Amino acid sequence: MGIRFILMVNKQGQTRLAQYYEYLTLEERRALEGEIVRKCLARNEQQCSFVEHRNYKIVYRRYASLFFLVGVDNDENELAILEFIHLLVETMDRHFGNVCELDIMFHLEKAHFMLEEMVMNGCIVETSKSNILSPIQLMDKTS
Amino acid sequence: MGSQGGFGQSKEFLDLVKSIGEARSKAEEDRIVLHEIETLKRRIAEPDIPKRKMKEYIIRLVYVEMLGHDASFGYIHAVKMTHDDSLLLKRTGYLAVTLFLNEDHDLIILIVNTIQKDLKSDNYLVVCAALNAVCKLINEETIPAVLPQVVELLGHPKEAVRKKAIMALHRFYQRSPSSVAHLISQFRKRLCDNDPGVMGATLCPLFDLITIDVNSYKDLVISFVSILKQVAERRLPKSYDYHQMAAPFIQIRLLKILALLGSGDKQASDSMYTVVGDIFRKCDSLSNIGNAVLYECICCVSSIYPNPKLLEDAADVISRFLKSDSHNLKYMGIDALGRLIKISPEIAEQHQLAVIDCLEDPDDTLKRKTFELLYKMTKSSNVEVIVDRMIDYMISINDNHYKTEIASRCVELAEQFAPSNHWFIQTMNKVFEHAGDLVNIKVAHNLMRLIAEGFGEDDDTADSQLRSSAVESYLHIIGEPKLPSVFLQVICWVLGEYGTVDGKFSASYITGKLCDVAEAHSNDDTVKAYAVTALMKIYAFEMAAGRKLDMLPECQSLIEELSASHSTDLQQRAYELQAIISLDAHAVESIMPPDASCEDIEINRSLPFLDIYVQQSLEKGAQPYVPENERSGMVNMSNFRNQDQHEGSTHTLRFEAYELPKPSVASRVSPVSHASGTELVPVPEPSYPREIHQAASIPSALDTGPLELKLRLDGVQKKWGRPTYSSAAPSASNSTSQKMVNGVSQLDGVGNINSKARDVSYDSKRLQVEISPEKQKLAASLFGGSSQTQKRPSSASHKVAKASSHAGETSQVAPAVSVSAEITTEKKISLQPPPDLLDLGEATVTGSAPSIDPFKQLEGLLEPTQVTSEGNHGAVGATKAPDIMAQSSVVADPLPTKGDEFNLLSGLSNATNKTLYGETTVMYLTQSNKGPNPKDSLEKDALVRQMGVTPSSQNPNLFRDLLG
């Protein structure tokens with residue numbers, strides 16, 4: 001199961017979205033997020049976008065003030081995950097229009113819905129933006 | 001756009017988000033959330049809350065949990081919301097529940113019913129929402145409740161439903177493979193689904209299935225190859241394209257599957273070569289995603305049956321990765337190199353310099369990856385440098401997790417390739433000194449074993465040299481403070497066993513040291529126990545040698561103290577010591593023979609010395625002994641007891657009927673099979689009936705001997721015994737038995753590589769002398785000889801080539817620049833590749849993207865255009881956020897022209913796909929640089945300000961467009 005968790009964290013280390021694909025208790029999540037965010041925020045632009053942490057490999061990418069962190073298994077293709085992050089951001093951008101941190105904060109559930117379409121059981125299952133967004137747009141229309 | 005429409009949230013919610021967004025510290029955020037919890041607790045319990053309001057509360061609960069606080073008081077409301085009729089509310093409810101609950105939570109039972117109902121809904125979006133929940137919430141016990149419906153949905157007319165249904169089955173398979181064992185064919189069937197999304201999703205479960213059982217899926221090789229071919233030829237809808245790559249994520253998954261299927265299978269691999277070769281050629285090597293696919297190709301090529309042409313392609317890509325300026329690509333390159341050297345070890349040599357650069361890099365991630373590579377390419381010629389480097393690195397880091405890993409790797413390499421005893425001991429000392437408490441205790445036992453046995457050559461002088469140098473170095477090190485307990489145990493054991501053997505050190509000197517250790521670690525019982533036993537051995541050896549025993553006063557007081565210890569173990573050891581030194585020399589020698597840790601303890605199971613006693617008893621009228629298995633009543637007893645133990649261990653009820661009592665033979669077999677565990681065979685039994693069954697029950701015992709009890713003694717003997725190394729058995733036997741022979745105390749995690757590498761290691765050790773001088777020279781110029789002289793010029797010349805990029809690390813380099821000019825020039829050549837387009841392109845992407853002149857792009861230069869588009873999308877992560885903004889504004893201006901140009905470009909390059917390709921590009925560009933860019937942002941900004949959310953100085957970035 002490739003992806004173990006997806007986090008969005010801002011520059012101050014505040015969590016903006018968290019989705020886990022394996023169960024961790026609240027304390028474990030807190031600790032994990034703290035350690036990972038500290039590690040990733042300490043890195044500079046030249047360094048790899050990958051960090052090893054315990055049994056995870058973290059692939060992260062920064063957009064403006066927001067860091068996207070994806071925890072994966074050891075045998076995952078890191079570059080592909082890096083592009084998966086970008087695909088996610090592009091998808092959100094198509095939906096929100098110039099997506100910014102605040103969009104995600106105000107529409108946390110929508111960001112989650114998009115992830116639900118893209119990733120199931122820790123696997124990337126959908127990469128077509130129109131397929132990802134159509135259920136969400138349909139839902140917007142009906143309600 | 002959705003966002004504007006969605007701002008129908010209450011002031012309260014906006015305020016909450018705003019205050020969280022502007023919180024200055026974790027403490028402030030916690031305060032806000034705690035306050036929010038109080039509010040929610042009050043509000044959420046009120047009667048008749050409007051549904052939209054309730055949805056907001058639920059999302060606020062999500063916030064509470066996300067920020068690390070307990071929101072369990074509201075779980076039930078999230079559960080209730082899943083019952084709602086409105087799709088949006090229902091889906092929000094499901095979302096919250098999946099975020100809050102794990103699959104074993106008590107509330108799940110309340111949702112299963114709703115899920116069942118929703119799976120039958122006419123609205124496919126409701127079905128999808130339910131299937132999402134199924135993937136997160138259904139555990140092994142509730143699978144049967146939804147399984148039939150999920151299976152039915154596999155044939156649903158909507159592709160989105162089919163896709164999610166297949167993933168639900170995947171999830172069931174992950175949870176409990178047996179629950180869907182009869183549905184495996186469904187996965188194969190869905191692979192042929194008309195919808196590429198369903199097909200793509202089906203690859204996930206198939207990958208898992210194939211990982212576990214490759215052979216059952218060999219028939220699919222042709223299908224996978226043809227799917228991959230179609231994908232690579234852009235037969236999929238263009239909405240799957242990503243940065244002009246055709247469905248790259250599906251390609252990657254297919255390549256992963258092919259790698260599994262082609263591994264060690266020439267026939268299967270044959271059918272893959274063409275398509276993999278095509279992808280190698282087609283991939284856009286300038287984009288990240290193109291490189292991701294290329295990397296996956298390398299993984300595939302290095303896993304399947306080797307093909308020279310593809311290996312060449314792979315090597316080319318690797319060298320491009322390694323030469324790149326991007327750390328990400330270097331990282332991938334190092335990883336890929338590690339995979340490829342398994343097949344063609346010679347390619348490592350051309351990348352020596354790049355590898356050393358990565359090793360010297362300040363980036364920790366890259367460094368670790370490089371150590372992983374070095375670990376894979378260690379041989380006896382370079383082991384010293386590599387292990388030294390590893391140890392230096394190990395000392396420098398604080399991350400215990402990785403420290404443990406690298407320590408055990410050092411130990412493993414040192415054991416396999418050690419060039420000399422002295423080096424080995426020194427290396428182990430360093431590892432234990434700095435990571436002693438982290439290494440597995442087995443490693444310590446292994447070290448003791450090695451010192452006792454030597455390296456397996458039948459050369460006693462070498463062995464005694466090893467021991468002497470160990471003793472000497474330990475005596476040297478023993479005084480140091482804060483030695484890890486494990487290390488002290490080793491030291492005590494070795495000193496006890498070999499401290500006085502070579503006569504260099506007197507017994508009183510050694511015993512004095514041992515007493516010091518025991519005293520200095522008075523709260524470590526294990527160390528004290530080792531020390532006392534060591535004392536006992538030394539006194540015993542002294543007495544056996546006929547020397548007069550004069551016990552140091554501190555030893556006496558130590559023993560007195562320990563004989564009153566709270567630890568019964570220590571007490572016993574102290575009393576034993578006292579008992580032994582009161583015996584005569586002859587008795588002592590037979591109790592404690594010198595250097596006998598490797599000797600076999602002989603047990604005569606027939607206990608002949610009792611024969612006389614038995615005879616006398618029988619004569620006096622005692623009952624003759626009847627072996628246990630011949631006492632029929634006993635058989636069933638022991639049989640039942642064994643069953644009980646089985647059941648006790650699984651903690652579940654057994655539904656099948658009790659087995660019939662087995663015939664006596666079976667009862668004898670079952671304890672045998674237990675023998676591999678910790679359990680002991682209760683009573684020694686006659687061995688004649690067992691011989692027959694043993695072969696069937698323990699295959700591993702086949703070659704070791706007919707007697708069961710003897711077998712386990714053999715295990716002991718081999719663990720410690722000398723002959724195992726010289727015997728020919730290890731290389732011939734399979735890895736399991738070898739592990740048993742050599743590696744009883746090997747680290748577990750590395751078992752496979754280990755046993756494999758071991759074969760090599762012994763061979764190479766013997767062959768060491770025959771390594772050609774040329775090769776040695778090469779190795780020396782890579783890592784060897786004096787590592788310093790080698791590495792420094794490399795980074796020095798690197799400095800020349802790269803100017804400022806590694807300014808930090810080269811400070812120590814200057815004095816060594818002149819060393820071996822030959823090497824330096826050689827390196828310069830390899831470091832200055834022909835300035836081809838590719839390198840230029842990369843430089844532009846990562847470094848100076850913002851400075852690209854828009855007019856130049858208008859000139860219709862093919863390459864730079866692509867570069868900008870890459871710069872825009874590919875390199876966003878690498879460049880700074882403000883850069884992105886600047887860059888995108890540059891790109892945005894000449895947008896229409898650029899679009900045309902792309903049309904032209906694609907028309908030239910790919911006549912058949914002309915329209916498609918051009919269209920995507922234009923669409924893609926317009927979408928990421930949406931026309932009225934600033935206006936849109938401003939509007940949003942104004943809207944939010946209206947609602948009272950103003951960006952404070954603390955976090956002005958809240959409004960910053962993520963994509964620029």
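Student: Before we look at the interface, what does buried area mean here?
Tutor: Buried area is the accessible area, taken with a 1.4 Å probe, that two parts lose on being put together, summed over both. One bit of background: this is a predicted model, where local features need pLDDT of at least 70 and side-chain atom pairs count only at pLDDT 80 or more, while totals for chains, interfaces and linings use all residues. Residues are numbered from 1 along each chain as its sequence is written, chains are lettered from A and ligands numbered from 1 in the order in which they are written, and side-chain values use heavy atoms, with hydrogens and water left out.

Student: Fine. How much do chain B and chain A bury between them?
Tutor: About 8500 Å², with 55% of it on carbon and sulfur atoms. In chain B, the residues that lose the most area to chain A are B:R91, B:F249 and B:L962, together 9% of what that side buries.

Student: And how many residues does the contact take from each chain?
Tutor: Chain A puts in 88 residues and chain B 106, where contact means heavy atoms within 4.5 Å.

Student: Switching to cavities: how many are there of 30 Å³ or more?
Tutor: The count is 10. A cavity is a set of points, on a 1 Å grid over the protein atoms alone, where a 1.4 Å probe fits but cannot get out; points are joined across faces, edges and corners, and the volume is the space filled by probe spheres set on them. The largest cavity holds about 190 Å³.

Student: Who lines that one?
Tutor: Its lining has 18 residues, lining meaning an atom within 4 Å of a point. Closest to the centre are A:I124, A:T127, B:F249, B:I250 and B:R253. α14(B) gives the most, 5 residues. Helices here are DSSP runs of H or I with at least four residues, and strands are E runs of at least two, numbered from the N terminus.

Student: What does chain A look like in terms of helices and strands?
Tutor: Chain A has 5 helices and 7 strands, running β-β-α-β-β-β-α-α-α-β-β-α from the N terminus. Buried residues make up 76% of its 143 residues, buried being under 20% relative accessible area with a 1.4 Å probe and protein chains only.

Student: Last one: where does B:T82 lie?
Tutor: In the loop between α5 (75–81) and α6 (87–100) of chain B. B:T82 is buried, at a relative accessible area of 0%. Leaving aside neighbours within four places in sequence, B:T82 is in contact with B:K90, B:G93, B:Y94, B:V97, B:T114 and B:D118.

Notes. On a 1 Å grid over the protein atoms alone, a cavity is a set of points where a 1.4 Å probe fits but cannot get out, and a pocket is an open set with protein on both sides within 12 Å along at least five of seven lines; lining residues have an atom within 4 Å of a point. Buried means under 20% relative accessible area, exposed over 50%, partly exposed in between (1.4 Å probe, protein chains only).
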